[in-house]
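Here is my note on the model you sent, as a few numbered points to read beside the structure.

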Amino acid sequence: MPIHIRPDYSLPEREATPEALYLNRREWLAGMIAAGLLPASALATAVEAAAAPLAKLNAKPGPFSTDEEKTPLKAVTTYNNFYEFGTDKGDPAENAHSLRPRPWTLAVEGLVDKPQRFDVDKLIKAMPLEERIYRLRCVEGWSMVIPWVGFPLASLLKAVEPQAGARYVAFTTLHDPRQMPGQKGGVLQWPYREGLRLDEAMHPLTLLAVGLYGRALPNQNGAPIRLVVPWKYGFKSIKSIVSIRLTDKQPATTWSTMAPREYGFYANVNPAVSHPRWSQAKERRIGEFLRRDTLPFNGYGAQVAGLYKGMDLRRFY
Ligand SMILES: Nc1nc2c(c(=O)[nH]1)N[C@H]1C(S)=C(S)[C@@H](COP(=O)(O)O)O[C@H]1N2
Ligand SMILES: [Mo]
């Protein structure tokens with residue numbers, strides 16, 4: 001079992017800020033200035049902002065971390081799925097500079113006694129942050145190991161006091177085509193939506209991530225706050241969240257609405273249940289050559305299999 005609780009491991013080395021991302025932005029701005037679409041001062045402002053590295057976050061080592069080799073920061077921040085910025089893996093790193101993640105309001109609402117709109121920076125200061133090194137398995141067949149910084153979703157949900165009738169949690173990404181140019185097109189139904197059963201949302205593995213590799217989240221990874229559900233396919237881990245709503249009915253989610261035969265509500269990583277168009281038995285860890293076996297629940301079965309006792313996982317895929 002490749003999962004270890006490591007209360008004593010040392011903090012990861014802080015890798016350099018991903019300079020190439022800023023170069024992309026600078027080149028883009030230079031083009032805009034040349035085309036007369038932006039004043040020349042825009043470049044100076046942008047260079048200044050880009051030179052300031054993402055804020056360092058103070059995080060204690062948290063539970064459930066894997067000791068597998070971490071995917072390098074460069075790959076974590078340049079090989080992404082974030083369709084709001086384009087459908088190619090390199091598009092989010094190139095285009096997500098138009099997202100303005102600060103200030104940011106996160107509403108936690110619905111069937112709760114104390115609905116609240118949180119200023120995300122205040123929330124980050126108030127919450128004890130943990131570093132958790134989790135595997136992320138994309139439904140497309142690749143995987144990474146990412147040192148997230150965040151706090152359990154359960155901590156936030158408890159603070160708003162769920163009502164007895166709450167059974168599900170619905171998550172929504174920002175909808176603003178000016179900040180997210182991909183939303184001007186119709187690749188997906190916008191805004192991106194995801195959902196969990198309340199017991200999945202309250203599970204101690206389920207994380208709200210606000211950073212990675214010891215710093216605030218890069219835009220392309222879902223700044224300023226995104227979900228991480230490591231035993232489910234990556235598409236459940238919704239980025240740049242503006243609303244978390246507790247409901248009594250299973251919420252509609254983007255991928256299971258678009259292609260219900262291909263993407264279920266549960267989306268638990270399951271090597272025994274193929275996607276209709278490809279097998280899920282193996283995966284390519286980014287940076288490795290040979291494919292490895294995909295593990296049930298992405299290797300987190302000891303923690304979460306009990307949530308699905310008695311359920312037919314072929315039917316509830
Ligand atoms: N809003 C939003 N969230 C999203 C996506 C997206 O397109 N839009 N892609 C998902 C998919 S398919 C994956 S695999 C993960 C990728 O996260 P990463 O780029 O930080 O590795 O984000 C998920 N969250
Ligand atoms: Mo994915």
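1. A word on terms before we look at the hairpin. Helices (H or I, at least four residues) and strands (E, at least two) are DSSP runs, numbered from the N terminus, and two strands pair if DSSP finds at least two bridges between them. With that settled, β2 is joined to β3 by a hairpin through five residues.

2. Two sentences on how to read everything here. This is a predicted model, in which local features need pLDDT of at least 70, side-chain atom pairs count only at pLDDT 80 or more, and totals for chains, interfaces and linings use all residues. Residues are numbered from 1 along each chain as its sequence is written, chains are lettered from A and ligands numbered from 1 in the order in which they are written, and side-chain values use heavy atoms, leaving out hydrogens and water.

3. Now the sheet. How many strands form the open sheet, and in what order? There are five, running β3-β2-β11-β6-β7, with mixed pairing. At the edges are β3 (116–119) and β7 (193–197), each pairing on one side only. From one strand to the next the twist averages 15° (axes are lines fitted to C-alpha atoms, for helices over the stretch in contact, and angles run from 0 to 180 degrees between N-to-C directions).

4. Four bridges link β2 to β3 in the antiparallel sense, and four link β2 to strand β11 (residues 241–247) in the parallel sense. Valine 108 shows both: opposite valine 108 in β3 stands glutamine 116, while isoleucine 244 is its bridge partner in β11.

5. Towards β7, strand β6 (residues 168–173) runs antiparallel to β7, and five bridges join the two. Look for alanine 170, which faces glycine 195 of β7.

6. On to ligand 1. It is surrounded by 16 residues, the closest being Asn80, Tyr83, Glu84, Ser237 and Lys239 (a residue is near a molecule or strand if one of its heavy atoms lies within 4 Å of it). Glutamate 84 places a polar side-chain atom 2.8 Å from a nitrogen atom of the ligand. Asparagine 221 has a polar side-chain atom 3.0 Å from a ligand oxygen atom, and an N or O atom in the side chain of arginine 226 is 3.0 Å from an oxygen atom of ligand 1. On its own, ligand 1 has 540 Å² of accessible area, and the protein covers 98% of that (Shrake-Rupley method, 1.4 Å probe; for residues, only the protein chains shown count as cover).

7. Finally, some backbone details to check by eye. Most residues other than glycine have a negative phi, and most peptide bonds are trans. Arginine 102 to proline 103 is a cis peptide bond, omega near -10°, with proline 103 in the loop between α4 (91–95) and β2. Alanine 223 and proline 224 are also joined by a cis bond, omega about -5°; proline 224 lies in the loop between β9 (215–216) and β10 (226–228). Serine 240, though not a glycine, has a positive phi of about 45°, and belongs to the loop between β10 and β11.

Key. A polar contact is a pair of N or O atoms within 3.5 Å; within protein, one must be able to donate a hydrogen and the other to accept it, and residues adjacent in sequence count only if both atoms are side-chain atoms.
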